[in-house]
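Let's take a walk through this model, starting at the surface and finishing with the charged pairs. Have the sequence and the 3D view open as you read.

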Amino acid sequence: MQQSPDRPAEGGGFRPPSLLDALIPIVLVIAMLVLAVVLFGADASWGPNQVALLSGAMIAGVIGLKNGYRWSDIEEGINKGIQISLGAILILLAVGAMIGTWILGGTVPAMIYYGLDVIAPQYFYASACLLCALVALSVGSSWTVAGTIGIGLIGIADGLGLSEAITAGAVISGAYFGDKLSPLSDTTNLAPAAAGTTLFAHIRHMLWTTVPSILLALAGFLWLGHDSVSSLQTPEQVANLRAQLGEQFNIGLHLLIPLLMLLVMAVRQMPAFPAIFIGAVLGGVFAVIFQPQAVAGLANVPDMSTAMALLKGVWMSMFDGYVSHSGDEVIDSLLSKGGMSSMLNTVWLILSAMTFGGVIERLGLLERLVQSLLGATRNAGSLVITTLGTCLASNVVTGDQYISVILPGRMYRAEFRRRRLAPVNLSRALEDSGTITSPLIPWNSCGAYMAATLGVATLSYLPFALFNLVNLVLAVAYAMVGFKLERLAEGDEADGGEPTPLAESLVLDTPHETAESR
């Protein structure tokens with residue numbers, strides 16, 4: 001197994017961690033996180049999880065000191081972990097600003113207004129999943145899809161009286177299916193680079209798990225949609241909601257231009273942070289031009305000049321979101337959202353998770369645990385299952401999907417080659433677990449982002465992220481029976497398991513850049 005180049009060399013005054021060293025902080029953190037859910041329920045991510053993760057970082061730090069590391073070494077790991085999360089944090093803040101200006105400018109109300117009119121309620125969940133899948137396949141970003149179309153779909157579900165949790169599960173299912181198969185996706189490029197195969201060979205091999213998974217997910221959403229018909233709003237209630245949206249905002253199809261512009265920027269591969277921030281500014285411009293009464297109402301300063309009131313209203317929507325005062329409880333809860341301030345708890349959660357993940361990686365504790373797991377693998381299927389489990393554990397422990405793709409890729413690449421397994425088996429396993437389980441972990445940057453953006457707690461939408469769950473189950477089942485485990489062709493030699501330059505640079509040199517292209 002390759003020694004990380006930024007870790008002190010053997011003989012540098014530290015002892016390699018024992019298996020017990022590796023297990024203590026990981027087991028204690030998982031136990032504390034479970035206890036936080038038991039004690040605080042859905043509020044666990046509003047402080048209790050952060051305490052658990054930072055406590056785990058301190059426990060791991062004490063083990064590192066015992067093994068001869070200096071506190072400066074541990075701080076270096078913390079700094080690197082936080083550095084990895086900076087791109088995600090900037091995107092979160094930009095998304096918060098964009099939600100605020102898109103509501104104020106009428107873009108989100110227009111999405112809800114027209115969506116209520118064109119989407120058949122009984123097919124809503126399946127339609128939401130399919131729409132997000134197609135857009136994510138085009139733009140290659142699950143985060144962009146959730147932060148744009150996903151927000152509108154949650155609003156439409158509210159208006160129809162449908163479940164926000166199921167809708168969030170459908171959005172995430174579609175978004176991750178499209179992201180997983182898109183050649184524009186960063187993780188879809190990262191996994192084959194880490195495993196040592198080509199992009200399109202990787203995508204072809206993933207079809208065996210992703211296509212059956214999305215078909216089963218769509219069937220599940222169709223069933224859930226028909227089962228929810230009895231809870232739907234009446235046509236009169238839906239008409240009343242559309243009328244109230246029309247009273248608060250000047251509705252028109254032109255208000256969807258910011259959405260189209262953002263999708264164009266995503267297709268053209270503009271980094272996520274500037275693209276989303278431009279989208280937020282464009283929403284503010286649309287608010288001033290098309291919704292001046294809403295902007296002035298948000299500013300609520302009658303003695304201020306019109307220009308200054310408009311400026312203040314847009315500015316407020318970017319940092320503190322939009323607040324509806326219609327008097328209608330449904331409308332007010334539907335539209336009172338957004339702002340950078342709404343993302344600050346999520347930022348706190350990500351920083352805590354990446355602090356713990358950075359310490360664990362710096363001290364080699366996760367790597368030590370994986371070494372022990374390798375000794376228990378007896379055949380090709382068990383190696384794939386071990387890889388899937390390691391990616392899931394990495395998502396839980398390190399809180400970042402990129403680490404959960406790169407780290408197991410580096411650790412298992414040589415072993416796959418040694419056992420004459422084609423690298424596409426490894427690259428598919430990295431995505432089947434590392435990519436798709438990331439939004440299912442509340443403290444993972446992806447899970448925290450989805451919960452904050454869609455306004456639905458991770459543990460609430462988790463049972464309905466059908467594609468993600470089914471895909472992981474199928475991957476395990478395929479491994480158990482040896483289905484579609486490709487062998488190296490005769491004459492193909494093992495490459496020693498060294499990471500490609502792309503994979504190496506992504507994990508060691510510029511991880512913060514990859515976070516901006518989620």
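Ile 30, Val 34, Leu 35, Val 38, Leu 39 and Phe 40 together make a nonpolar surface patch of about 590 Å². Patch residues have over 30% relative accessible area and no salt bridge; like charges are joined within 9 Å, and nonpolar side chains (Val, Leu, Ile, Met, Phe, Trp, Tyr) within 5 Å. Areas come from the Shrake-Rupley method with a 1.4 Å probe, and for residues only the protein chains shown count as cover.

Take Leu 35, which sits in helix α1 (residues 19-40). Helices here are DSSP runs (H or I, at least four residues), numbered from the N terminus. Leu 35 counts as partly exposed because its relative accessibility is 47%; buried means under 20%, exposed over 50%, and partly exposed is in between.

## What the model rests on

This is a predicted model, so local features need pLDDT of at least 70 and side-chain atom pairs count only at pLDDT 80 or more, while totals for chains, interfaces and linings use all residues. Residues are numbered from 1 along each chain as its sequence is written, and side-chain values use heavy atoms, with hydrogens and water left out.

## Two packed helices

Helix α6 (residues 142-160) packs against helix α7 (residues 164-181) at an angle of about 155 degrees, with the axes 9 Å apart. Therefore α6 is roughly antiparallel to α7, a label for angles over 145 degrees. Axes are lines fitted to C-alpha atoms over the stretch in contact, and angles run from 0 to 180 degrees between N-to-C directions.

## Salt bridges

How many salt bridges are there? The count is 9, with a side-chain nitrogen of Lys or Arg required within 4 Å of a carboxyl oxygen of Asp or Glu. One of them joins Asp 73 and Arg 362 (3.8 Å, N to O). That pair links distant parts of the chain, with Asp 73 in helix α3 (residues 71-104) and Arg 362 in helix α16 (residues 344-362), 289 residues apart. Both Asp 73 and Arg 362 are buried.

Arg 242 also bridges to Asp 117, with their closest N and O atoms 3.9 Å apart. Here Arg 242 belongs to helix α10 (residues 235-248) and Asp 117 to helix α4 (residues 107-118), 125 residues apart. Arg 242 is buried at 19% relative accessibility, whereas Asp 117 is exposed at 52%.

Glu 415 and Arg 418 meet in another salt bridge (2.6 Å, N to O). They are 3 residues apart in helix α19 (residues 401-418), so about one helical turn separates them.

Note on methods:
Buried < 20%, exposed > 50% of the residue type's maximum accessible area, 1.4 Å probe, protein only. Parallel < 35°, antiparallel > 145°, perpendicular 65-115°, else oblique.
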